[in-house]
Amino acid sequence: MNEKHLTMIKALARNSASRRDFLKYAGLSTAALAAWPVFAEDDPAGPPKRGGHLRIGASGGASSDTLDAHNSLTNTDMPRAAQLYDPLVRLDRSGAPSLVLAEEITPNALGTEWTIRLREGVTTHAGKDFTANDVLFSFQRILENKFPGATSLGDIDLANAKVMDPRTLRIPFKSPYAIFKSALTVPFFYMVPEGYDPMKPDGTGPFKLSSFTPGVQSVVERFDGYWDGQGAYLDSVETINMADEATQVNALRAGQVDMIDYLSYASVGVLRAAGAKVVIAKSGGWTPITMRVDSAPLSDVRVRQALRLLVDRNQMNQILFGGEGVIGNDVFSIFDTMYDKSLPQRERDVDQAKSLLKQAGQSDLQIELITNDVYASQPRTAQIYAAQAKEAGVDVKVSFQTGSQYFAQSYLQVPFSQDWWYYVPYLVTASQATAAGAPFNATHFSDAEYDRLFKEAVATTDIAKQTELAMAMQRIDYDRGGNIIPFFYPQIDACSPKVGGLGQAVSGLAMDNFNFKGFWINS
């Protein structure tokens with residue numbers, strides 16, 4: 001990469017087109033939205049071909065960007081990790097677990113012991129055979145450093161884990177853990193070799209590192225020794241940090257990048273009018289309004305229920321997504337087979353909300369809602385919510401923070417704010433968000449009955465019983481939980497017509513669940 005190229009990238013990363021310009025081009029798209037099909041038409045890039053350099057204008061990122069396989073935290077960390085590393089198992093486009101490095105992941109009858117059998121012939125970028133010892137090392141590293149995936153490993157007993165042969169690892173648990181395989185679909189379980197150094201990352205992924213400048217960009221090159229015998233189509237991928245959606249859209253329109261991610265619906269029309277391919281995927285991703293249940297007045301369940309009843313979910317979905325989101329019911333993991341569809345759909349009921357607030361002594365409720373730009377639709381969601389609440393006499397003051405400010409000052413701390421989640425199965429999400437010990441419990445939800453049900457659910461291998469217990473947990477979420485979930489957002493990405501392979505996945509994660517191996521470019 002020459003100096004001129006690097007200078008251009010740094011300018012793109014810093015540049016933030018004016019709000020007026022963004023609103024101007026967003027407004028131009030309004031009349032055209034209905035004329036465009038919701039999902040992408042036949043791939044204009046033609047059949048898959050090898051070669052080419054893909055430039056991604058990725059949302060967000062900061063000087064704290066990392067290539068650590070087990071500690072991805074930002075919208076730019078996650079795609080870079082997916083380029084460099086592989087998990088044992090990941091979610092497929094429909095949201096079902098799909099084996100990757102693992103050939104088998106099987107429990108004993110009680111779920112107290114799991115056996116992982118690796119694929120044959122997997123090597124790292126450095127040419128090292130990937131073995132069961134590396135899997136054990138990866139789990140140990142996650143636990144010892146208390147990385148985000150640690151709580152999804154349940155009551156794992158790594159001290160007594162046994163490497164049976166180079167491809168087989170047997171892992172005991174101190175108590176039954178029936179959701180281990182599903183838990184591994186959380187994108188914190190990329191596998192790395194023993195002695196792994198995130199400053200000089202070695203992985204088994206379809207690409208290997210060429211260069212990395214935190215806060216600016218990264219370049220990866222195809223790994224020709226990839227275990228499936230084919231590897232990626234692309235020669236290389238460049239991931240460029242971009243400050244906001246306007247910068248992303250302008251860069252794609254100008255031909256400075258080939259793909260952009262995490263877009264709002266306001267950009268759809270103008271991008272299609274400019275000839276870009278836009279893919280809108282129904283997803284289980286959610287951006288809840290979070291209420292700290294340990295903070296007055298939100299500690300009163302009547303207040304929490306009133307704030308839920310103020311939401312006009314259909315109106316919000318129409319304004320934000322042209323109706324292409326999925327209406328939420330204050331319970332997460334909508335694509336899980338255990339999701340309780342029998343719960344009555346919560347509708348807007350201003351009179352009931354007023355009555356509950358009066359009972360709670362909060363008829364003149366004033367509350368600050370901290371919003372952020374971690375996901376594109378969040379600031380607008382907060383504004384719509386405030387307008388809807390005002391009709392019931394509730395004064396919601398919306399305060400905006402950038403993603404960096406939010407994580408530094410407000411995340412997991414303030415009483416009333418907004419969070420962002422991708423889709424994973426219900427019990428796995430609970431282990432991360434709402435059950436005892438969950439690391440990302442923005443609502444500070446703590447409920448003895450809920451925790452008892454969770455422990456029973458993850459301990460049984462009886463799917464019918466597990467479903468019954470999970471649905472009982474969802475009833476608690478619905479009745480007294482701390483999340484307002486008005487919708488499940490559509491994941492919106494866009495690319496040049498010369499880029500092929502960008503499909504639709506329910507994960508709520510960008511770029512077809514980071515399917516870089518499957519992209520090609522017809523340059």
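Me: At what angle do the axes of helix α8 and helix α10 cross?
Reply: This is a predicted model. In it, the axes of α8 (residues 301–309) and α10 (residues 350–359) cross at roughly 160 degrees. They come within 8 Å.

Me: So what does that make α8 relative to α10, roughly parallel or roughly antiparallel?
Reply: Roughly antiparallel, because angles over 145 degrees count that way.

Me: And is the crossing left-handed or right-handed?
Reply: α8 passes α10 in a left-handed crossing.

Me: Which residues meet there?
Reply: From α8, Arg302, Val303, Gln305, Ala306 and Leu309. From α10, Gln352, Ala353, Leu356, Leu357 and Gln359. By class, that contact has 6 nonpolar, 3 polar and 1 charged residues.

Me: OK, on to the sheet. What's the strand order?
Reply: β8-β9-β10-β1-β11-β20-β12. The 7 strands form an open sheet, and the pairing is mixed.

Me: Which strands stand at the edges?
Reply: β8 (207–213) and β12 (277–281). Each has a single partner strand, so one side of each is left without a neighbour in the sheet.

Me: How many bridges between β8 and β9?
Reply: 6 bridges, in the antiparallel sense. β9 covers residues 217–222. Within β9, Val219 stands opposite Ser211.

Me: Which strands does helix α3 lie across?
Reply: β1 (53–59), β8, β9 and β10 (236–242). α3 spans residues 77–84 and runs at about 145 degrees to β8.

Note on methods
Residues are numbered from 1 along each chain as its sequence is written. This is a predicted model: local features need pLDDT of at least 70, side-chain atom pairs count only at pLDDT 80 or more; totals for chains, interfaces and linings use all residues. Side-chain values use heavy atoms; hydrogens and water are left out. Axes are lines fitted to C-alpha atoms, for helices over the stretch in contact, and angles run from 0 to 180 degrees between N-to-C directions. Helices (H or I, at least four residues) and strands (E, at least two) are DSSP runs, numbered from the N terminus. Angles under 35 degrees count as roughly parallel, over 145 as roughly antiparallel, 65 to 115 as roughly perpendicular and the rest as oblique. A crossing is left-handed if the near helix is turned anticlockwise from the far one by less than a right angle, and right-handed if clockwise. Contact means heavy atoms within 4.5 Å. Ala, Val, Leu, Ile, Met, Phe, Trp, Tyr, Cys and Pro count as nonpolar, Asp, Glu, Lys and Arg as charged, and the others, Gly among them, as polar. Two strands pair if DSSP finds at least two bridges between them.
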